[in-house]
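Me: Hi! Could you walk me through this one before I set anything up?

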Protein chains: 2
Amino acid sequence: MIETDFVSGFARGLRVIEAFGESKPKLAITDVAKTTGLDRATARRCLLTLVELGYAEYDGKFFALTPKILRLGHAYLSSTPLPQIVQPFLDSLSEKVGQSSSVSVIDGAEVVYVARASQRRVMSINLMAGSRLPAYCASMGRVLLAAMPADQARTLLDETQRTAFTPHTKTDLNVLMEELAEVRKQGFAVIDQELELGLCSIAVPLEDSRGRVVAALNIGAPAASVPAGDLAKRYLDDLKAVAASLRLVLR
Amino acid sequence: MIETDFVSGFARGLRVIEAFGESKPKLAITDVAKTTGLDRATARRCLLTLVELGYAEYDGKFFALTPKILRLGHAYLSSTPLPQIVQPFLDSLSEKVGQSSSVSVIDGAEVVYVARASQRRVMSINLMAGSRLPAYCASMGRVLLAAMPADQARTLLDETQRTAFTPHTKTDLNVLMEELAEVRKQGFAVIDQELELGLCSIAVPLEDSRGRVVAALNIGAPAASVPAGDLAKRYLDDLKAVAASLRLVLR
DNA sequence: GATATTTGTTCGTATATCGCACGGATTAAA
DNA sequence: TTTAATCCGTGCGATATACGAACAAATATC
């Protein structure tokens, strides 16, 4: 008996959907076959299935996903209490401090935004629910990595391609592990332009009522108006207050 | 030979994912089987496949989606040019007028938000990319319905459960069809508290360079500060200007 | 413009998956 | 506690699907 409880056709199809990430709007059959490692015939069958169901369009040459695909992520966002619960807190926090604020969870070595309240844009990239950032150089990522067992975090970081997005980005494994220990000790993480020049942020963990870290909350600010060194002084109390309120609400 | 280009295992799996919508965080095997109409054994195999791939969790009793599911919607948002292209326009528009602004496309009888710039929250519900609203009572929905052939819009509306969310909601099929004709003629749609009391909005179509309507753009405002009758006067020129700019950019 | 390479599609068959039915476990009702 | 009612996991036969190869069409290369 070799794994009878597994629908490989389904798994293959999901691989096909994910092949469209990374700014690849239109893919031909062979492109999909290559990025997924599937046989061309199989990739074609999956793609045509997506078209048949309305999740994709086909112009005879290229396939492109349709907005119906968003139903899948929406199934998560609308079924999980977290985004709905935190959004109002996020809104008032963001308005009070006049900066963008977000909540994210971890998925592998990436941070996934589940809710966000944005003020004037300061980042070049556009963040929204479902957006992803590498955990090792994001404030919420540091917090979430610090919350897991050290060896698990080390393994995760070790397996990650750690790019230096700016001259400030910390990429050395041991340096990062020390950073995580510090974050664990002080209860928050500060990022100073490691992801993008001119942008710094501070994050705290969000615990549920049983004390388990389920997400992270952050505030991002332009380095020009708020130096990284001032972040804790200015925003930590507000962040902690929101975290405390949410601890009572999160089951 | 009947439909050889279709992977029904894949299609079944997607049905399983969508079963988690509508605020159902945790589902047992039988729940999924019921909502999807699949056999229990099949539903179970799909769910275990999701767990195996990390898209879902299983506590021995209930299944719940994980944030990894967002990768699927993210594949669309990051691969489709539309959200990235419109976001900066949305941001500056929203900031200029001091109200929330959004872009959406149509999927069936629903409007799907693909980008949004929000100011202070005025709605009770939380909107973000991937959120859905019934087309018949949303300003962007009216615009998008008006852009399709009348009989197609009529069929879509006829098949839709048209709930009166407020006393102002228009639900009569013929009234709505007349409304669409008016929208088509004047080139914009105004909604006065049909979705939620205290909220009104105005939307215009977004055309690509070939003149095809590919999305809708709106501004929402509290009825208390901006009466519905003033919406066109105050915001239509700004909306039209953005639409004109985007017409040059959208392929 | 001819050849070489890549791409999309079809086909047959070995294999995996589906739906059904059954037994054990769990929960609900009495 | 007993009974009834679900619910869950598992084989089995029938059916559907994946793979690889082969062919045709399109594209690239020279």
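Me: Which element gives the most to the surface near DNA strand D?
Reply: That's α3(A), with three residues. Bear in mind that this is a predicted model.

Me: Okay, and what else supplies residues there?
Reply: At least two residues each come from α1 and α3 of chain A and from α1, α2 (29-36) and α3 of chain B. In total 17 residues surround DNA strand D, and the closest are A:G9, A:T42, B:S8, B:A28 and B:T30.

Me: How does the surface near DNA strand D split by class?
Reply: Eight residues are nonpolar, five are polar and four are charged.

Me: Now the other strand. Which residues are closest to DNA strand C?
Reply: Those are A:S8, A:A28, A:I29, A:T30 and B:T42, out of 17 residues that surround DNA strand C. On this surface, α1 (8-18), α2 (29-36) and α3 (40-53) of chain A each supply at least two residues, as do α1 (8-18) and α3 (40-53) of chain B. By class you get seven nonpolar, five polar and five charged residues near DNA strand C.

Me: Both chains keep turning up. What rotation superposes chain A on chain B?
Reply: A rotation of 179° does it, with 0.1 Å of shift along the axis and an RMSD of 0.2 Å. The two copies are therefore related as by a two-fold rotation axis. In chain A, the C-alpha nearest that axis belongs to A:F10, at 2.0 Å.

Me: Nice. How many residues does the contact between the chains take?
Reply: It takes 53 residues from chain A and 53 residues from chain B. On the chain A side, the elements giving two or more residues are α1, α3, α4 (70-79), α5 (81-97), β3 (100-107) and β4 (110-117). α4(A) gives the most, with 10 residues.

Me: Switching topic: what are the domains of chain A?
Reply: The assignment gives domain 1 (8-70) and domain 2 (80-249). Their C-alpha centres lie 33 Å apart.

Me: Last one. Which residues touch the most other members of the largest nonpolar core?
Reply: A:V143 and B:V143 do, in a core of 160 residues. Setting aside neighbours within four places in sequence, A:V143 is in contact with A:V183, A:A189, A:A203, A:V204, A:P205 and A:A216. As background, nonpolar side chains tend to be buried together in soluble globular proteins.

Notes. Residues numbered from 1 in each chain as written. Chains lettered and ligands numbered in written order. Predicted model: local features only at pLDDT ≥ 70, side-chain atom pairs only at ≥ 80, totals over all residues. Least-squares fit on C-alpha atoms with pLDDT ≥ 70 in both. Core = buried A, V, L, I, M, F, W, Y, C linked by C-beta atoms within 7 Å. Buried ≥ 20, exposed ≤ 12 C-beta atoms within 10 Å, placed from the backbone. Contact = placed C-beta atoms within 7 Å. Domains from an automatic or database assignment. Near = placed C-beta within 6 Å. Helix = DSSP H or I, 4+ residues; strand = E, 2+ residues; numbered from the N terminus. Nonpolar A, V, L, I, M, F, W, Y, C, P; charged D, E, K, R; others polar.
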